[in-house]
Structure formats: structure tokens, C-alpha cells
Amino acid sequence: MRKIHFYSGLLMSLFVGAHIFNHLMVLGGIENHIHWMEMFRNMYRNPIVETLLLLAVGSQVYSGWRLFKGRTKGKRNFFEQIHILSGLYLAVFFIIHISAVMAGRFILHVDTNYYFATEGLRTFPANLFFLPYYSTALLSFFGLLAAIHYKKMSFSLLGVNPFFQACLILGMGLVVSFLVIYGLMTAV
């Protein structure tokens, strides 16, 4: 179960990293964002790649839930708690998010581009839901990266211990999350 979770997580991390990069490109304007999105879509909307990504999401949700249920209760450090909470949030987020995108594509027959993604962020009162929904997903992704880094890293880099390295990853996630949300809400 752990190996399935690990390898499907690696695949998803590559996709999510590219997805976040694409969202950051909105800081250069909507056209820039859509240009990068179209480039990435050429790769991930390939039927084989898309199927692998959907299987990876399903594997992450299922194996993550099984691993969560199998954990013994006990004292957990800060990053173990971040790992669990981030994973649980992302499981729910991916189910909702992917369902919405697939419904947009295959039921509503709309392009699930910038305009689809930001309709809720840029409209009151929907933004009261979508702002924390997207922000928490971004922070959760970086929280998972930080937690896994802390667990796996066993040495200092440039005099920085693993705990502080993981804190730097969280800090970077906070900055990236702010920039993505700012860009999506204010792009012209």
C-alpha cells in the first residue's frame, strides 16, 4: 500500500507542480496563462497520460485513506500532523475538483480554462467558498511536500537542518499560494 501511495504521489506531484506553474503564469496576463495551459494540455490530455493521472488520484485517495485508518494513535510531531491533515484535505479537494472539471468538459461542454476556474473566485458570494477552497489546497500541497521532506531528509544543507528546510518549503508554499490566488483574482 505504501509503494502504491508513494509512486502515485510522485506522478501527481509532477502534474500538480506543472499545474501550479501554469497558474503562476497568470501573473503575466490571462493570455500567458492560457498559452502555458495549452502547452501542458498537449501532454496531460493524452488519453494514456490522463488515464494514468486519474488512476494516480484514485490510488492516492484510496491508499491514503487506508494508511490513515491503519495509523496507531499516539503522539505525532508537527510535520506528521501536517502530513495527515494535508492529505485528508487534498483527498476531498481532488474528488471535488476533478469531478467539476470533468463535468465541465464532458457534460457542460465548456473549456475548463482560466475563465471556468476563476468564475467562483471572482464572483461574490461564491468567492467566500472558493478562496479558502483553492488556498487551502495549495497550502496543503506544499504542506505534504514539507512533511515528506522532513521525514525523508536526514542531513543539513548549507547548515540548515531538516526541520527548518521543511519550514522553508511551507513558507515558499505560502508565497506561491498568495501569488496564484492574487494572479487568478486580478488578471486582465
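**Rings and a helix face**

Guide: Ring pairs join Y89, F93, F94, F129, F130, Y133 and Y134 into a cluster. This is a predicted model, in which local features need pLDDT of at least 70 and side-chain atom pairs count only at pLDDT 80 or more, while totals for chains, interfaces and linings use all residues. Residues are numbered from 1 along each chain as its sequence is written, and side-chain values use heavy atoms, with hydrogens and water left out.

Visitor: How many aromatic pairs does the structure hold?

Guide: A pair of aromatic rings is described by the distance of the centres and the angle of the planes. Rings of Phe, Tyr and Trp (its six-membered ring) pair if their centres lie within 6.5 Å; planes under 30 degrees apart are stacked, over 60 edge-to-face, and the rest tilted. The structure holds 22 aromatic pairs. One of them, F79 and Y150, is tilted, at 5.2 Å centre to centre and 35° between the planes.

Visitor: Which residues of helix 2 are buried?

Guide: Buried means under 20% relative accessible area, exposed over 50%, and partly exposed in between (1.4 Å probe, protein chains only). Helices are DSSP runs (H or I, at least four residues), numbered from the N terminus. In helix 2, the buried residues are I30, H33, M37, F40, R41 and Y44. They lie on the same side of helix 2 because they cover an arc of only 110° around the axis, taken from the directions from the helix axis to the C-beta atoms.

Visitor: Which exposed residues does the face turned away from the buried side carry?

Guide: That face of helix 2 carries E31, N42 and M43.

How values were computed: Helix = DSSP H or I, 4+ residues; strand = E, 2+ residues; numbered from the N terminus.
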